[in-house]
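Welcome, and thanks for taking a look at this one with us. Please have the sequence and the fold side by side as you read.

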Amino acid sequence: MNWSSVRGNVGFLKNSMVRYFSRQRAVNVRKINPKVPFPEATSIAQTLYGIIKEHGPLTVSNTWNYAKEANVGRLNSKTHMKIMLKWMRGRKLLKLFCNQVGNNKKFLHCTLPEQPQTEESRLRQELMQQNEKPSVHRRKRHK
């Protein structure tokens, strides 16, 4: 048995473990607080979603410019808009991707592609909606 190769593998394993456990955990975007009541957050999200869908993949600064033009009054600041964008990513409304050209990186927000509904999924959704409706059974009164 070649002991030098075993010692080399142990060193590699040790370095890999140190590198893995020294990383920061990713932010849980599902728990982001939008800093406004839920109905307001959904209306702001709908407006931002429309802006991004209309104008294509946008950077944060371009999104802020379009939001000011659209007069989204419930947004307090650019920082609040960033929090809302992160909240929307947590709710799977937006996707963030990186466009790297040379040494420059641009982070762009885009809408997720809408998946076409198949006949089976549409029928399943209709059945679920029918089952959600409360059925009212009235007892007949005997005279």
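## Ground rules

This is a predicted model, in which local features need pLDDT of at least 70, side-chain atom pairs count only at pLDDT 80 or more, and totals for chains, interfaces and linings use all residues. Residues are numbered from 1 along each chain as its sequence is written, and side-chain values use heavy atoms, with hydrogens and water left out.

## Overall layout

The chain holds five helices and two strands, taken as DSSP runs numbered from the N terminus (helices H or I, at least four residues; strands E, at least two). Along the sequence their order is α-α-α-α-β-β-α.

Of the 143 residues, 19% are buried; here buried means under 20% relative accessible area, exposed over 50%, and partly exposed in between (1.4 Å probe, protein chains only). Among contacts (heavy atoms within 4.5 Å) with a separation of 6 or more, 53% join residues 24 or more positions apart.

## The nonpolar core

A nonpolar core is a set of buried Ala, Val, Leu, Ile, Met, Phe, Trp, Tyr and Cys residues joined through side-chain atoms within 4.5 Å. The largest one has 19 residues, and L48 and L75 touch the most other members. Two or more residues each come from α2 (38–55), α3 (60–69) and α4 (78–90), with α2 giving the largest share, six residues.

What does L75 contact beyond its neighbours within four places in sequence? Its partners are I44, L48, W64, A67, H80, M81 and M84.

## A buried threonine

T63 sits in helix α3 and is buried, at 0% relative accessible area. Not counting residues up to four places away in sequence, T63 touches L48, I52, L58 and M81.

## The surface

L13, M17, Y20 and F21 make a nonpolar surface patch of about 490 Å². L13 belongs to helix α1 (residues 3–21) and counts as exposed, at 52% relative accessibility.

## Cysteines

How many disulfides does the whole structure have? The search finds zero, a disulfide being a pair of cysteine sulfur atoms within 2.5 Å. C98 is partly exposed at 38% relative accessible area, whereas C110 is buried at 17%.

Technical notes: Patches are made of residues with over 30% relative accessible area and no salt bridge: like charges are joined within 9 Å, nonpolar side chains (Val, Leu, Ile, Met, Phe, Trp, Tyr) within 5 Å. Accessible areas come from the Shrake-Rupley method with a 1.4 Å probe; for residues, only the protein chains shown count as cover. A salt bridge is a side-chain nitrogen of Lys or Arg within 4 Å of a carboxyl oxygen of Asp or Glu.
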